Amino acid sequence: MLGDRTQATGSFLAKDISVGKKVQITLANAFAGLVRPALTPWGEEPEGTPVSDLPLTFSLGQNYPNPFNPSTQLRYGLPQQSHVTLTIYNTLGQEVARLADEVQAAGYHEVRWEGTNTGGLAVGTGVYFYRMDAVGEDGTRFVRTDKMLLLK
């Protein structure tokens, strides 16, 4: 039961939901900001729904595939021009590779990691962490770290 003046944002899984008066609900999925609105089968904008090529929020998606061998894709969204640093770390917290360290335009971006270190040598099987640190032109900062598994 969501009572009066309840505010909820995010993903919800429920069999039955009772909603009281003055309840505000915003539904989103785990990939909010990474998914563009769908086009019609003919590639046109859905009637009455403007399609934007810009994400509404900063976002960093789960790498794909995961586990991976030999490479994986990292996808992220920038709602505004931002300085982006995308770094790979090992389980000891040591920097393994830096995939991005530059100002990038607003929009959706994708980077491939080939499972190599800064020197171009292949890294071993194991868990790695990828961290995105983005600072928007308005000073907004977004930091997120996630893990991935390299299997050989």
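The questions below go through the sheets, a loop serine, a loop glycine and the aromatic pairs of this predicted model.

Student: In the open sheet of four strands, which strands stand at the edges?
Tutor: The order of this sheet is β6-β5-β8-β9, with antiparallel pairing. Two of these strands have a single partner strand each, so one side of each is left without a neighbour in the sheet. The edge strands are β6 (95-104) and β9 (141-150).

Student: By how many degrees are neighbouring strands of this sheet turned against each other on average?
Tutor: The value is an average over neighbouring strands of the sheet, with direction ignored. It comes to 15°.

Student: How many bridges join β5 to β8?
Tutor: Strand β5 covers residues 82-89 and strand β8 covers residues 126-136.

Student: Which strands are at the edges of the open sheet of three strands?
Tutor: Here the order is β3-β4-β7, and the pairing is antiparallel. A strand at the edge has a single partner strand, so one side of it is left without a neighbour in the sheet. Those strands are β3 and β7 (107-113).

Student: What is the bridge partner of Leu60 in β4?
Tutor: Strands β3 and β4 pair in the antiparallel sense over two bridges. The bridge partner of Leu60 is Tyr76.

Student: Is Ser71 buried or exposed?
Tutor: Ser71 is in the loop between β3 (59-60) and β4 (72-78). Its relative accessibility is 12%, and the cut-off for buried is under 20%. Ser71 therefore counts as buried.

Student: With which side chain does the side chain of Ser71 make a polar contact?
Tutor: Leaving out residues up to four places away in sequence, Ser71 touches Pro65, Arg112, Trp113 and Glu114. The polar contact is 2.6 Å, and the side chain on the other end is that of Arg112.

Student: Is Gly119 buried or exposed?
Tutor: Gly119 lies in the loop between β7 and β8. In sequence, Gly119 and Val96 are 23 residues apart, while their C-alpha atoms are 9.1 Å apart in space. The relative accessible area of Gly119 is 66%, and the cut-off for exposed is over 50%. Gly119 is therefore exposed.

Student: Are the rings of Phe58 and Phe142 stacked or edge-to-face?
Tutor: The structure holds three aromatic pairs. In this one the ring centres are 5.8 Å apart and the planes are at 10°, where planes under 30 degrees apart count as stacked. The pair of Phe58 and Phe142 is therefore stacked.

Student: How many residues apart are Phe58 and Phe142?
Tutor: Phe58 is in the loop between β2 (24-27) and β3, and Phe142 is in strand β9. Phe58 counts as buried at 11% relative accessibility, and Phe142 counts as buried at 17%. The pair links distant parts of the chain, 84 residues apart.

Student: Are the rings of Trp113 and Tyr128 stacked or edge-to-face?
Tutor: Their centres are 5.6 Å apart and their planes are at 65°. Trp113 is in strand β7 and Tyr128 in strand β8, 15 residues apart. Planes over 60 degrees apart count as edge-to-face, so the pair of Trp113 and Tyr128 is edge-to-face.

Key
Residues are numbered from 1 along each chain as its sequence is written. This is a predicted model: local features need pLDDT of at least 70, side-chain atom pairs count only at pLDDT 80 or more; totals for chains, interfaces and linings use all residues. Side-chain values use heavy atoms; hydrogens and water are left out. Buried means under 20% relative accessible area, exposed over 50%, partly exposed in between (1.4 Å probe, protein chains only). A polar contact is a pair of N or O atoms within 3.5 Å; within protein, one must be able to donate a hydrogen and the other to accept it, and residues adjacent in sequence count only if both atoms are side-chain atoms. Contact means heavy atoms within 4.5 Å. Two strands pair if DSSP finds at least two bridges between them. Axes are lines fitted to C-alpha atoms, for helices over the stretch in contact, and angles run from 0 to 180 degrees between N-to-C directions. Rings of Phe, Tyr and Trp (its six-membered ring) pair if their centres lie within 6.5 Å; planes under 30 degrees apart count as stacked, over 60 as edge-to-face and the rest as tilted.
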